[in-house]
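Dear colleague,

I am handing over the structure we spoke about, and my notes on it follow directly below.

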Amino acid sequence: MTVLAASGRVWQRNWLVYKRLWHRSLAFGFLQPVLFLTAMGIGIGALLTPASLEAFGGVEFIDWLGPGLLAAMAMQTATFESTYPIMNKIMWGRNYEAMLSTPVGIRSIVGGELAWGAFRIGTLATIFLVVLALFGIPRSPMAILAIPVAVLVGVAFSACLIAFTATQKNDVGFSAIFRFVINPLFLFSGTFFPLTQLPDELQVVAWATPLFHGVELIRGAILDQLDPLAAPLHLGYLLLMFGIGAWLAERNLARRMAD
Amino acid sequence: MSSQQSLVHARALTKRYANGFTAVDGIDFDVRPGKAFGFLGPNGAGKTSTMRMIACSSPVTEGTLSVIGMDPRTQAREIKAKLGVVPQHDNLDTELTVRENLEMYARYFDIPRDVANRRTDELLEFVQLDERAKDQVEPLSGGMKRRLTIARALINDPELVILDEPTTGLDPQARHLLWERLYQLKRRGATLIITTHYMDEAEQLCDHLVVMDKAKIVAEGSPRQLIDQHSTKEVLELRFTDAVREDLNGQLNGQLDGLADRIEELPDRHLLYTENGERTLEQVNLRKIPVESALVRRSSMEDVFLRLTGRSLVE
Amino acid sequence: MTTLTQPAASGALATAWQRIWRARRLVERNIMFYRHQWIIILSGVFEPIFYLLGIGLGLGAIIQEVTLTDGRVVAYAAFVAPALLATAAMNGAVFETIFNVFFKLNFAKIYDGVLATPMGITEIALGEMMWALMRAALYAVAMFVIMLFAGLILSPWGLLIVPAALLVAAAFAAAGLAGTSYLRTVNDFDVPMGLVVMPMFLFSGTFFPISIYPLPIQVFMQATPLYHAISLIRGLSTGSVGTAQLWDLAYLVVFFAVCMWIAMRQMERKLIK
């Protein structure tokens, strides 16, 4: 069996579990952006004066926020899917141990899990985009590009977090990752307010963080304001992160399973 | 026997669950201090339900039950303070270490810290887990977890220890170590109540046994008494090849007829209950019955159970 | 061995007190566990701080001001901070009583072991409550200190914030305890989190006054416990205290009592068969 075919089996295993819950997952995937946009978009938008909207490049706050939330959703979903479920398959349920006693190898496991993450985030991003369309946010058909970018953001985070999870002996570290990494990224990557609000030194830090690049690309695609110079840089950052993450994930998981 | 002399006294004890299922149907028994009392029976016979009522973790539906002279309905906390409970499935605190499990359990009993520390040390040694004291519970083997559960049940120096299938699912080595520890406990004068579906366990550990089947007690006595009453001294086990079975096609039982006090036909063998197994085997050979293999053994609780219920203990 | 007093001899009040006192064992147990995992507890302190920095200051620099229900105008950060404090108290309590109690109840079967000792259902429920309260109190106090130094407490009424946060935490701890007993598998967590906790977080006047919505929706929002928790604590921190805050108080007390009653009944159902 090729690595690719074996990855397909790993993907399939997740599908078997998921297909019992897919309706619920999709329902929440729809509900969440609706709630966030109604609350934060409309609610906070109502507090903003026309003058203050200039900080958002002259677009309505909800239009500005929506794409940012899509990028953040990709990150959060990837994070959740790559922590507890992966830990379960390494340690608690020992699924990987069982898989490795078949022709499925480490690379296929990592590949299958990343493909699974891509599928999940792809469906959720599509639903998210539909919700954004219901709120009349997308400016052009270019908005469709937000889906592959969201998938890239997702797998980049997935790969890095699988690499992290493979090194953990219990789930304590996850709390730290959620609270000290994911949550700050959610709040300070230009999702809720433009990074120009930050002091210059912090702007540099924000530039170095991954979600920011996802937010910029997705917002650019949806609001039809992609910067032809910056976009390749954002894309390059995410691709590099994915590559390094996938390499680390395979290495760490191989070490872990050899224990 | 009056209820004053018995540590557990049950009359017409009944457990009926909310769904209408009667797990225990009007049973009587008395557990005397310092003895090991066994409930033997297959899964679903009502042993665990009885144990849970004694442990005050399941309310009595009908009948009388007194535990250490107290009523579980009104004095559950007082009874529990004097009990040690080893449930069927380990419910150790998996978030704590081996040692912390014992320390914390002592706190639930309000045992002063210095006493708790001393007992924890003693018990860890007693169940041979002193070297694993600082480890998490999860990676321990099944036998180790079981021993820790037993140590935990002893932390309050209980008057009565209840063990629900203490060795089910353990490998032979782990079982023998546990039996040895329980035997030690008995020698120290503890009163034990044990449920099991292993006849060897019942024979090894229990002074007095009740055999339960379908929510009722079907026999009672010491293991020796039960065997004497309900079985013969020896058993001859005969196996036949499938071809022979087919050839004889029903005539086999006729050929064996009269050779033993009683014959049981099991799917894989015939059991001939007799006072002298060797002599019966000679007679089988004289009749030229084509036996594949033969085994003579002493009667066990398994045979008693088969006699009483028509079924095997472990199915 | 401690001798246990007969309930009949010492009276109902003494028995009740005994149980409350014995419930502290569950707190000890949780401290024993978290001794090795303190990062889980500590990391929760930072959540409202990040939100305060991100939303309160980052977005607040653009929004600048908000008009309160009594017509006073305050800085956006001063508007958001008390809501984040109330939410932190809620989260501290709810995470402990929903996730951790669920795990102990259904997977680890820890309470079955506890119930074989003189500890009863009352002690377990109260003990978990007390612990959830302690965790929530830590978050509330941390946030209170930050608000104090950041100048976000605008009135002497603010002194009552911590006790009010404790009431909030108690109400949500009881709600979590009541709710967790209805969950069967980990997948069921989506429901309380996705349909209750998150929408409440978004729509209880946390980040904006609910007056921007049409009246029927406002009425619906005002029915949620978090709305009253935020209204109470925001009232205290900004000093716009009126009859509304008395209603908030009454709501939270009744909510606590009802949830506690359900929680005890459900725990008994789950654990005693």
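Helices (H or I, at least four residues) and strands (E, at least two) are DSSP runs, numbered from the N terminus. This is a predicted model, in which local features need pLDDT of at least 70 and side-chain atom pairs count only at pLDDT 80 or more, while totals for chains, interfaces and linings use all residues. Residues are numbered from 1 along each chain as its sequence is written, and chains are lettered from A and ligands numbered from 1 in the order in which they are written.

In chain B, B:Arg113 belongs to helix H4 (residues 113-126).

Turning to the interfaces, the contact between chains B and C (residues are in contact if their C-beta atoms, placed from the backbone, lie within 7 Å) takes 26 residues from chain B and 22 residues from chain C. On the chain B side, helix H2 (76-80) and helix H3 (98-108) each supply at least two residues, and the largest share, 5 residues, comes from H3(B).

The contact between chains A and C draws 27 residues from chain A and 27 residues from chain C, and on the chain A side the elements giving two or more residues are helix H2 (22-45) and helix H8 (172-188).

With best wishes

Technical notes
Two residues are in contact if their C-beta atoms, placed from the backbone, lie within 7 Å.
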